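Subject: Structure for your files

Hello,

Here is the structure I promised to send over. My notes on it follow below.

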Amino acid sequence: MNSSADLEQLSPPPPPHHHHHHRQHRTKLVALAQKTFNNGPWAYIILLIFTFVLGYLSHSQPLLSQGTSDMIEHNSFPSQCSDPVPSNRVRQTIIDRVFNGTSPWESFPPAHVSPFLLKEWNKGWGSNNPVGTFLGASATHMAGLTRRLGLESQIICIDDFRGWPGYSDEEKSSKMVNGDTMLLYQFMQNVVNANATESIVFLPYSTSTALVNGLCEWGVYGDLVEIDAAHDFHSAWIDINNAYKVLKKPGGVMFGHDYAWVGVRKAVHSFARLNGFRVKLDGEHWVLY
Ligand SMILES: C[S@@+](CC[C@H](N)C(=O)[O-])C[C@H]1O[C@@H](n2cnc3c(N)ncnc32)[C@H](O)[C@@H]1O
């Protein structure tokens, strides 16, 4: 058995600025390990149990005993969404399921929020989107466009309305109240200002929850789906795959923003390659066709 001095020699030195703290922590861990092994029979029992569990798992779980082919399944987003609700039921379905049947704009804004809302604070990046909404600039822009074109449409916005770490420092005009960036209320205020409460509805959840446990499960599909939430590869990859399930087929179009982000680009091209799409670019936008 190794002594604590031997064990310490085997490990690389910790970074200098945490040296003292790490050293203390490691000494405690080494002492704990020694105690465990010095306890004779207990060590054997623990080891025996561990060996038994490993043996059982490798026998019964291909995950530990086979190659990686079965892992592909973890990447297949297989679930089938429900039969589509008629388009004239989409808005009410969301209001029923998310807001217990009462429009969220009823009695808006609540008294405790009014003092913090800004009459003029909207900002967008030139995208029109349901998946990743922020202050609603693009959603309200889209509402205006569809109104002008005489289209009866519902714009479904998905956002957890948390923004991203540090965003409220960047955006000098935002208020933070007890750690809440008030993004949801400001988004709602902007929709009121744009006179678009009847054509915009929202799901204030994480994108995966809203797409999979929400829209997919309820049979709510979109003709046009834009992806513009988090831009790291894994987030973009999951959003694109989940959103594709609720895109109307045939005929629906999926597109997104921030193609310049490496993670987004990688996710878009992987998805296109796996699903037989081509990617068309329009400035910062990508479109699958
Ligand atoms: C780049 S902004 C969207 C900007 C918007 N398209 C526009 O032009 O105004 C990204 C938004 O995605 C939201 N977001 C990021 N990750 C999310 C997640 N996992 N679930 C829900 N919303 C998310 C953030 O709260 C933020 O409002």
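Which residues have the most contacts inside the largest nonpolar core? This is a predicted model, and in it that core has 44 residues, with I155, C157, I200, V220 and A243 making the most contacts inside it. Helix 8 gives the most to this core, namely five residues.

Apart from neighbours within four places in sequence, I200 is in contact with A139, A143, I155, C157 and V191.

Next, helix 6. The buried residues of helix 6 are A137, S138, A139, T140, M142 and A143. Among the elements that cover them are strand 1 (155–158), helix 8 (183–193) and strand 2 (200–203). After helix 6 comes G150, which has a positive phi, near 75°.

Four strands make up an open sheet in the order 3-4-6-5, with mixed pairing. Strand 3 (224–227) and strand 5 (279–282) are the edge strands, each pairing on one side only. From one strand to the next, the twist averages 25°.

Strand 5 pairs with strand 6 (residues 285–288) in the antiparallel sense over four bridges; V279 has L288 of strand 6 as its bridge partner. Helix 11 (residues 262–275) packs on the sheet and touches strand 4, strand 5 and strand 6, its direction making about 145° with that of strand 5. Helix 10 (residues 233–245) lies across strand 3 and strand 4 (253–256), running at about 170° to strand 3.

Regards

Note on methods: Residues numbered from 1 in each chain as written. Predicted model: local features only at pLDDT ≥ 70, side-chain atom pairs only at ≥ 80, totals over all residues. Buried ≥ 20, exposed ≤ 12 C-beta atoms within 10 Å, placed from the backbone. Helix = DSSP H or I, 4+ residues; strand = E, 2+ residues; numbered from the N terminus. Contact = placed C-beta atoms within 7 Å. Core = buried A, V, L, I, M, F, W, Y, C linked by C-beta atoms within 7 Å. Pairing = 2+ DSSP bridges. Axes fitted to C-alpha atoms, helices over the stretch in contact; angles between N-to-C directions.
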